Amino acid sequence: MAKILPLPVASLPASWDQSQILPRQMVYTVWMKSLVFNGNGCTVYGADGSVAFRVDNYGCRGGREVFFMDLAGKTLIRIQRKGFGMFRRWEAYRYLDAGEDSGEETRPWFRVQKSGKNGAAVTIHGSGRAYTIDGCARKSEYKITGTDGAVAAAIGRKQTASGVVLGEDVLTLTVGSGTDHLLALGFVVVCGLMNRCL
């Protein structure tokens, strides 16, 4: 299988203030296509170019439930759409792997709800932390900010080393050092669900 390698932070859109982005800890390439034949989902490639995670929606595009898995197929997060119309929200449940306590958490790990025309509000259960997703309606360029205004993660269209911008379904996700990678990847999946890309 061919490897897809991410590029450094410099490939983010010029309209973003690079000084606000937290020191880079990890860059992922997100391809909004499923590895499953005739499936809906996306594939996440790590810094070494190999598949790190995958998301599969075994129902129709924009379905009510998707599963975020590692390469081996072990479910890490289950994301469900709940409510209708303006009360629609997405809830993510983390899967635990700690011996007898393994399985899905009973309370949502985080909730995402549309906020305004181009954004979404995220609340993390139990920690009191909150995030804002700015520009998630644009599908391919948005950023995730904490309550302090610092950018926790940024998503933009992927560029090749020669500067060619790839299609809207190939994205670069830059996750800051203080941000949980799985959490940031979960936000990207929810934005894909909001835009009916998965």
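## Overall fold

Strands, as the word is used here, are DSSP runs of E spanning at least two residues, numbered from the N terminus, and E65 lies in one of them, strand β4, which covers residues 65–70. The structure described here is a predicted model.

Among the contacts that join residues at least 6 apart in sequence, 37% are between residues at least 24 apart.

## Strands β6, β8 and β9

Strand β8, made of residues 110–115, pairs in the antiparallel sense with strand β6, residues 89–96, over four bridges, and within this pairing W90 has V112 of β8 as its bridge partner. Strand β8 also pairs with strand β9, residues 119–124, again in the antiparallel sense but over six bridges, and here R111 finds its bridge partner in T123 of β9.

Together β8 and β9 form a hairpin with three residues between the two strands, and in the turn G116 has a positive phi of about 75°.

## The nonpolar core

The largest nonpolar core holds 43 residues, and those with the most contacts inside this core are F68, I79, F110, I133, L173 and F187. Helix α1, residues 181–194, gives the most to this core, contributing eleven residues.

When residues up to four places away in sequence are not counted, F187 touches F110, V122, I124, Y131, I133 and I144. Two of these partners, F110 and I133, are themselves listed with F187 among the residues with the most contacts inside the core.

Leaving aside residues up to four places away in sequence, E65 touches N57, R78, I79 and Q80. With one of these, R78, the contact includes a polar one, in which the side chain of E65 and the side chain of R78 come to 2.9 Å. The C-alpha atom of E65 is separated by 9.6 Å from that of E91, although the two residues are 26 residues apart along the chain.

Notes
Residues are numbered from 1 along each chain as its sequence is written. This is a predicted model: local features need pLDDT of at least 70, side-chain atom pairs count only at pLDDT 80 or more; totals for chains, interfaces and linings use all residues. Side-chain values use heavy atoms; hydrogens and water are left out. Two strands pair if DSSP finds at least two bridges between them. A nonpolar core is a set of buried Ala, Val, Leu, Ile, Met, Phe, Trp, Tyr and Cys residues joined through side-chain atoms within 4.5 Å. Buried means under 20% relative accessible area, exposed over 50%, partly exposed in between (1.4 Å probe, protein chains only). Contact means heavy atoms within 4.5 Å. A polar contact is a pair of N or O atoms within 3.5 Å; within protein, one must be able to donate a hydrogen and the other to accept it, and residues adjacent in sequence count only if both atoms are side-chain atoms.
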